[in-house]
Amino acid sequence: SGLEPLAWSEDHRVSVSTARSIAVLEQLSDVHSGGQDMVIHRTAVPAPGAACMLKVGPKKEVAECREKFASSVDPTVSQTFMLDRVFNPEGKSLTPMRGFKYSSWSPLGCDANGRCLLAALTMDNRLTIHANLNRLQWVQLVDLTELYGERLLEASYRLCKADTPCGELGDFPEFQRRHSMQAPVRMEWSGICTTQQVKHNNECRDVGSVLLAVLFENGNIAVWQFQLPFLGKESITSCNTIESGIGSPSVLSWWEYEHNNRKMSGLIVGSAYGPVKIIPVNLKAVKGYFTLRQPVVLWQEMDQLPVHSIKCIPLYHPYQKCSCSLVVAARGPYVFWCLLLISKAGLNVHNSHVTGLHSLPIVSMTADKQNGTVYTCSSDGKVRQLIPIFTDVALKFEHQLIKLSEVFGCVRTHGIAVSPCGAYLAVITTEGMANGLHPVNKNYQVQFVTLKTFEEAAAQLLESSVQNLFRQVDLTDLVRWKILKDKHIPQFLQEALDKKIESCGSTYFWRFKLFLLRILYQSMQKAPSEVTWRPSHEDAKILISDSPGMGSTEDDQEEGTSKQASKQSLGDTGKGVDIDDTTEDSLHQSSDTGGREPMVEKLLEIQAQIEAVEMHLTREHMKRVLGEVYLHTWITENTSIPTRGVCDFLMSDDGYDDRTARVLIGHILKKMNKQTFPEHCSLCKEILPFTDRKQAVCSNGHIWLRCFLTYQSCQSLVYRRCLLHDSIARHPTPEDPEWIKRLLQGPCTFCDSPVF
């Protein structure tokens, strides 16, 4: 349902608007699964059960006016009232307005877990914000339609006090005006910006905030400002309404431009009649932001080509040697583009249209913001890829056709979305015509098409400026598939990664290496002959001589909750990881001649490499934790972090010689002044020694898991876990100082995943 039913978030979740709910498909690069298929977690945001009635006045007066308009002898009033679904969302004799009209993802880092928020607009004009706080459950944080209606009611439905007093609700034009000024059309999130907050002692501190712009039917735009992390109604900082002057508005997008370390912003609004323009947004108290002095018209012709979708892409101009903005808009079957760049002469605007793309109107458009590539699709199953190429004056587009019919057969397309790093294209399809006849039933499917090769994905991961595996899941998924398929790490990738580790030593490349080794380990595992969850009614009989060949399996495989988005049966999936497949790896040549012994040795060798990389990442994080302890403690202060135990653990290995760690530990021990501050078991009060990074065991055998972020023992029944079940972390407590709370907000040190 809706105009743009697909949206792909920065944290790799695809939202699909349907008549009953918003289906959320989360892509995972699962290191505990040996299947080659894409791994997807599926959750849903259910549609509200009750219809949304906009607040246009007191309930009693509204009920009287509705009865009056419905029974009016003037047909222009009664029929307009009865057929307008904004006035009658519950339907009665008409079909109910169920489902979602539009959904929009916030930038990464907006909710309490540092992930994306989901803004959802229903068909009956209810705008809500949802967060996925408990991993598999979506929670509604705020209903913005209700809050905006209350604000309008308090202001007597005037934007400012200088406006003329509004008319009586009994007048049908006034009744229409009050509805149109709060019926949302689209909403879009801005990037995260910084505001300054004054504390009680007159000190200023920087606070992150995000803006949500909501476009209404009458052309007004409400700009909500939220303090991060967004927790609910209490996190709303302000709400300002802007008059755009656009008639019959259809679409909205943020324009964010950076020039000489000065950030400018505005709102691009498109009309169903054709015009497109940028509206200035005055961001008060937002650090480093500037706005336009007056609106900028990008296209002014009233040519009756409705603007369906707008994307704004930041690019670098190779000839002008400066940053620029590329604005693309779908108008009928054409793509309108506009290049904006700031020079000494002011704001330069170049615009034109790309024609000859589709024979039918464009139903969906998406853009890869990393390289500026634009994808459009029409309902006949044709997808176009447009690549911008800069010229001396402006730019031109090279476009090519992506024939989905060669992949899926004859299909109709209803929406597309590209993944954050451009590795996948998600497409909603239904069956096309067969023998000149339309299908009897429509089966909507979300198809995933790869846009990059394995070599391109690996090169992008090696040269990434993000240096975070979780934010590049679509790329790592291609690498995962290649290793599981070939059962070895390609030589060029291994050599390039070793060079990166030697040259810069960033922990990102160590985490990438750990990821590759884990996938390689899974590829060597023999696939189970039966489904693991199905109970066996036969006693398993194994010959003693065959027992070494079974291979070692990890407990982590049983802990995973992943569901595979598989198009094959489980038996076919098992064939994909069978160790008898022919590969280029010399391991399998030796296994054919020497039996299963070389396979066991290879698995043990990979397991040793995995443990070595994990130990290196643990030591690096321990150094970071000790650095925080040194900076934020006074002499002989108990920090609740087992500082002495971490120091002893780091120095226990004679082969580990890190001068930075030795100097840091020397300063900390000098500051502690022979104090140890050991942890004690909450059950028996015995000392918990620090002998293992994963768990603490007291002398009475009580076992407590250790937090991987602070190395404290989690002596409670409730704790958090990372997305891929790598590690566990404790919850922050009110007694924790700010620097410990900041440590507990970090991602997993092994896979960069967020913690729930």
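This report walks through the nonpolar cores, salt bridges and strand hairpins of the structure above.

The model is predicted, so local features need pLDDT of at least 70 and side-chain atom pairs count only at pLDDT 80 or more, while totals for chains, interfaces and linings use all residues. Residues are numbered from 1 along each chain as its sequence is written, and side-chain values use heavy atoms, with hydrogens and water left out.

## Nonpolar cores

Let us start inside. A nonpolar core here is a set of buried Ala, Val, Leu, Ile, Met, Phe, Trp, Tyr and Cys residues joined through side-chain atoms within 4.5 Å. Buried means under 20% relative accessible area, exposed means over 50%, and partly exposed lies in between (1.4 Å probe, protein chains only). The largest nonpolar core has 87 residues, and those with the most contacts inside it are Val479, Leu493, Phe512, Phe515, Leu516 and Leu626. Helix α9 gives the most to this core, with 12 residues. Helices (H or I, at least four residues) and strands (E, at least two) are DSSP runs, numbered from the N terminus. The core draws at least three residues from each of domain 2 (454–524 + 603–631 + 643–673) and domain 3 (637–642 + 677–755), with bounds that come from an automatic or database domain assignment.

Leucine 516 is in contact (heavy atoms within 4.5 Å) with Val479, Ile483, Ile489, Leu493 and Leu497, leaving aside neighbours within four places in sequence.

Threonine 643 belongs to helix α14 (residues 643–651). Because its relative accessibility is 6%, threonine 643 counts as buried. Not counting residues up to four places away in sequence, threonine 643 touches Leu626, Val629, Ile668 and Met672.

## Salt bridges

Side chains of opposite charge can pair when their charged atoms come close. With a salt bridge taken as a side-chain nitrogen of Lys or Arg within 4 Å of a carboxyl oxygen of Asp or Glu, the structure holds 24 of them.

| Pair | N to O distance |
|---|---|
| Arginine 126 and aspartate 143 | 3.3 Å |
| Arginine 518 and glutamate 614 | 2.9 Å |
| Aspartate 736 and arginine 730 | 3.0 Å |

Arginine 518 in helix α9 (residues 507–524) and glutamate 614 in helix α13 (residues 597–631) link distant parts of the chain, 96 residues apart. Arginine 518 is buried at 10% relative accessibility, and glutamate 614 is buried at 9%. Arginine 126 is buried too, with a relative accessible area of 14%, and aspartate 143 counts as buried at 11%. Aspartate 736 and arginine 730 are both buried. Elsewhere, salt bridges that share partners join Asp11, Arg13, Glu26 and Arg115 into one network.

Strands count as paired if DSSP finds at least two bridges between them. Strand β23 (residues 362–367) is mostly covered, with 5 of its 6 residues buried. β23 pairs with strand β24 (residues 374–378) in the antiparallel sense over 5 bridges, and alanine 367 has valine 374 in β24 as its bridge partner. This hairpin has 6 residues between the strands, and glycine 372 takes a positive phi near 85° there.

Glutamine 197 stands opposite arginine 205 in β11. In this hairpin, with 5 residues between the strands, asparagine 202 takes a positive phi near 70°.
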